[in-house]
Amino acid sequence: MLNVYGAPSTRQGGHEMAYDLLTRAYEQVAGSPLPPIDRTETGKPYFVRNALEFSLTHTKTMAFCALSSHVVGIDAETVRPVLPRVLERTMNPAELAWIDEQPDRDRAFLQLWTAKEAWVKLTGTGLQGCPKSVVLQFRDGQIGVENTHVHFYSREIDGVLVTVCAPLAETVTWQMVQPDGGVHTI
């Protein structure tokens, strides 16, 4: 089970909206109120005494929550032009070569960047100021992480690229929460 909920950010801000989505997602999936949340020593939030895992992200315009029965990481970035110096600072040579092969370099960079961020949210390690330390690989047209078997699921929603990282191949249910409170699967 891997559920992703998204919603437009409101005046309250993306961070608060992501937690609102988590509350809604948990109640829908578990059928009970949101349990207490604590943080690991590295700052990764988790449910206290609960089998479900979650990850949150937001941009200026959208907020997202991933809820799973396994560890999970999610990241989102608004699709936009990326400066060449940002690519050089954050990607290793193999990643730069892959980006150069893609028809849209900006989207390709954002796909890799959100994959790196989703991976470190899954592991709870953070980028620690060194995004090149997360080494992505390209196998059979799929992005992976060196020496692991994680799976990445990406999609663009309303001009925002969202990537989820999970340890198992799963079906992802993508749901959007509307301003009126309605939910529809996309």
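Visitor: Which residue is the bridge partner of Gln175 in strand 12?
Guide: In this model, which is predicted, Gln175 has Thr185 of strand 12 as its bridge partner.

Visitor: And in which sense do strand 11 and strand 12 pair, and over how many bridges?
Guide: Strand 11, which covers residues 172-177, pairs with strand 12 in the antiparallel sense, and the pairing runs over 3 bridges.

Visitor: OK, what is the order of the strands in the sheet?
Guide: The order is 4-5-1-11-12 in an open sheet of 5 strands, and the pairing is mixed. From one strand to the next, the twist averages 20°.

Visitor: Which strands does helix 1 lie across?
Guide: Helix 1, residues 14-30, lies across strand 1 (2-8), strand 4, strand 5 (62-68), strand 11 and strand 12, and its direction is at about 35° to strand 5.

Visitor: Switching topic: where is Phe109 found, and is it buried or exposed?
Guide: Phe109 is found in helix 4, which spans residues 105-123. Its relative accessible area is 3%, which is under the 20% cut-off, so Phe109 counts as buried.

Visitor: What does Phe109 touch, leaving out residues up to four places away in sequence?
Guide: With those left out, Phe109 touches Val82, Val86, Leu87, Thr90, Met91 and Ile99.

Visitor: And how far apart are the C-alpha atoms of Phe109 and Thr78?
Guide: They are separated by 12 Å, while Phe109 and Thr78 are 31 residues apart along the chain.

Definitions and conventions: Residues are numbered from 1 along each chain as its sequence is written. This is a predicted model: local features need pLDDT of at least 70, side-chain atom pairs count only at pLDDT 80 or more; totals for chains, interfaces and linings use all residues. Side-chain values use heavy atoms; hydrogens and water are left out. Two strands pair if DSSP finds at least two bridges between them. Helices (H or I, at least four residues) and strands (E, at least two) are DSSP runs, numbered from the N terminus. Axes are lines fitted to C-alpha atoms, for helices over the stretch in contact, and angles run from 0 to 180 degrees between N-to-C directions. Contact means heavy atoms within 4.5 Å. Buried means under 20% relative accessible area, exposed over 50%, partly exposed in between (1.4 Å probe, protein chains only).
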